[in-house]
Amino acid sequence: MSYQVLARKWRPKSFDTLIGQESAVQAIANALDQNRLHHAYLFNGTRGIGKTTIARILAKSLNCEKGISSKPCLTCSTCQEIDVGRYVDLIELDAASNTGVDNMIDLLENAQYAPSSGRFKVYIIDEVHMLSKSAFNAMLKTLEEPPEHVKFILATTEPQKVPITVLSRCLQFNLKQMTSENIANHLSGILTEEKIASDDSAIRIIAKAANGSMRDALSILDQAIAYSSEKISAEKVTQMLGTIEDGILFDIIRHLIDKNGRGLTEIARGMDEKNTSFDDALNGLAKLIHELTVCKIIPGQYDDSSKKALYNEFSEKLTGETLQLFYQISINGRKDLHLAPDPATGFSMTLLRMLAFYPSSTSTHDKVDHSPKPAIKIPEKKSLIPDATEKNIAAKAMLSNTPDQDPVKANQTVSRNFDGNWSLLVSQLKTGVAKTLAQECQFLSYKDSTFHLSLDEKKTYLSKNDFIQKLEEQLINHFNKKLKLEITIDSVSTSPAIEKRTEKAALLKHAESAIMQDNFVKELISDFDAEIVPSSIEPIKKEK
Ligand SMILES: [Zn+2]
């Protein structure tokens with residue numbers, strides 16, 4: 001006997017054996033058993049979840065020689081003919097390949113005649129949203145006044161593309177996507193019946209790869225059976241699918257935590273040899289990072305899982321920020337994979353990027369200046385506020401990621417005194433809401449270890465208790481002594497933010513006049529009719 005594909009061999013023949021669509025099946029069964037028949041049904045849901053399977057079982061239920069019921073006998077000639085696809089009164093049309101109005105008119109002309117042998121003429125139209133507008137119109141006429149002996153069963157993956165006039169005449173069922181657990185259980189059952197040995201992990205990989213489609217799961221299983229000489233193993237399946245094993249993803253996270261660059265490149269090389277799909281691997285990695293993040297935020301989320309210990313360990317060792325960073329790098333890496341010299345290089349580079357940006361106590365950050373520079377160098381005016389330029393703040397923010405160089409922490413052992421320079425102090429704070437608040441505050445006085453500040457009425461959104469508390473904490477850390485903070489809402493004549501804006505404006509004005517007086521620019525304007533776009537001028541700041 002020739003090999004019959006599993007999807008066909010194991011296609012459920014009755015509602016009892018159908019998996020994963022309990023609520024829809026229950027509703028259909030009740031209607032059938034109470035003889036409340038509708039003349040048109042619409043099943044929608046993603047591919048491979050059993051839409052046409054349910055349609056065929058429904059056709060049997062309606063035409064079984066033993067009577068209309070949710071449990072067709074499966075033994076009468078009608079049931080058997082429907083199962084093998086030879087029943088004259090069941091007409092199946094794939095709208096994807098028969099979109100035209102002619103097919104529909106042929107079909108519907110036929111509908112006028114009584115069924116040849118059954119109770120009903122059943123029309124199953126798959127992918128019904130693919131029909132042309134005129135085909136829908138032709139169908140609508142029959143749907144509006146259907147002959148007693150006609151039943152329509154429509155199936156679609158895109159119900160939003162079906163005209164509302166058609167939708168409104170159908171009894172609709174939304175079929176659910178299969179869970180990978182449902183799929184795995186079904187596959188295990190089939191393999192037991194077929195007497196084929198398999199690893200549980202292999203089944204889980206197939207179920208996951210099927211992405212909610214039972215039909216896909218069964219065809220992957222077909223392939224896996226053909227691919228494996230004896231037992232279906234996780235290794236064989238991952239090789240076949242080019243998917244990545246969870247174990248390798250865990251190794252990647254472990255190497256990142258251990259800052260093991262060699263380990264990471266070896267993993268990438270090994271995956272290349274096994275023809276792993278790098279796109280799939282980055283996708284899997286992003287999913288894992290998401291799960292670790294969830295685990296961090298909601299401890300106990302994966303308590304029942306076999307991965308519990310590992311998840312807890314990883315989420316303890318990685319900060320929330322690092323997980324966010326890894327997630328971003330993995331999805332960007334996936335997006336850029338096609339731009340890489342080859343996928344293996346792209347993948348390897350993505351892992352190394354995670355390593356490079358992994359906040360580390362030993363790593364040094366290269367300062368890279370990305371700001372576009374005007375072609376003409378402008379002599380810089382002396383900064384109005386020492387230490388408060390954007391570059392310096394940015395540099396400090398970078399330094400604050402490296403604890404051993406952190407200027408704040410380095411001085412923690414000795415308490416310091418406030419020298420009256422509020423702007424300088426603010427520039428040394430860590431970036432965040434506390435700093436934003438501090439930047440908008442005018443310094444009034446510092447007495448008895450209390451900072452008196454005022455905040456403009458328009459900025460009261462910054463005067464939230466937790467922001468103030470955060471700022472107080474930062475000041476306490478900075479000076480390493482008990483301090484208090486009092487903020488009054490009042491008019492503000494100067495603040496670090498105002499100073500910065502003034503300085504920026506002054507620099508820009510200086511740059512503009514320097515550009516205008518530059519001989520080369522003057523020549524460009526006079527000889528080439530050039531124009532200067534003022535908004536394109538940016539002052540250059542010197543690194544200190
Ligand atoms: Zn029957």
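Predicted model: local features only at pLDDT ≥ 70, side-chain atom pairs only at ≥ 80, totals over all residues.
Local features need pLDDT of at least 70 and side-chain atom pairs count only at pLDDT 80 or more, while totals for chains, interfaces and linings use all residues. Residues are numbered from 1 along each chain as its sequence is written, and side-chain values use heavy atoms, with hydrogens and water left out.

Colleague: How many helices and strands does the protein have?

Modeller: Both are DSSP runs numbered from the N terminus: helices are H or I with at least four residues, strands are E with at least two. On that basis the secondary structure comes to 24 helices and eight strands.

Colleague: What percentage of the residues is buried?

Modeller: Buried means under 20% relative accessible area, exposed over 50%, and partly exposed in between, with a 1.4 Å probe and protein chains only. The protein has 544 residues, and the buried share is 41%.

Colleague: Which residues touch the most other members of the largest nonpolar core?

Modeller: A nonpolar core is a set of buried Ala, Val, Leu, Ile, Met, Phe, Trp, Tyr and Cys residues joined through side-chain atoms within 4.5 Å. In soluble globular proteins, nonpolar side chains tend to be buried together. The largest core here has 47 residues, and those touching the most other members are Ile28, Phe43, Leu58, Val122, Ile153, Ile183 and Leu187.

Colleague: Between which domains does this core lie, and why?

Modeller: Elements that each supply at least two of its residues include helix H2 (22-33), strand S1 (40-44) and helix H8 (180-193). Domain bounds come from an automatic or database domain assignment. Both domains give residues to the core, so it lies between domain 1 (6-174) and domain 2 (180-241).

Colleague: Which residues does Phe43 touch?

Modeller: Contact means heavy atoms within 4.5 Å. Residues up to four places away in sequence are not counted. Phe43 then touches Ile28, Lys51, Ile54, Ala55, Leu58, Ile153, Leu154, Ala155, Thr156, Phe173 and Leu175.

Colleague: How many residues are in the second, separate core?

Modeller: Its members include Ile253, Leu282, Ile329 and Ala344. The count for this second core is 35 residues.

Colleague: What is the volume of the largest pocket?

Modeller: The search uses a 1 Å grid over the protein atoms alone; a pocket is an open set of points with protein on both sides within 12 Å along at least five of seven lines, a cavity is a set where a 1.4 Å probe fits but cannot get out, and lining residues have an atom within 4 Å of a point. Points are joined across faces, edges and corners, and a volume is the space filled by probe spheres set on them. For the largest pocket that gives about 1,100 Å³.

Colleague: Which element gives the largest share of the lining of the largest pocket?

Modeller: The lining has 32 residues, with Arg204, Ile205, Lys208, Asp246 and Lys307 closest to the centre. At least three residues come from each of domain 2 (180-241) and domain 3 (246-357). The largest share, seven residues, comes from H14, which is helix H14 (278-297).

Colleague: How far apart in space are Ser23 and Lys176?

Modeller: Ser23 is found in helix H2. Ser23 counts as exposed because its relative accessibility is 53%. Ser23 and Lys176 are 153 residues apart in sequence, and in space, C-alpha to C-alpha, 9.2 Å apart.

Colleague: What is the phi of Asp448?

Modeller: Asp448 lies in the loop between strand S6 (441-447) and strand S7 (450-455). At 74% relative accessibility, Asp448 counts as exposed. Asp448 is not a glycine, yet its phi is positive, about 50 degrees.
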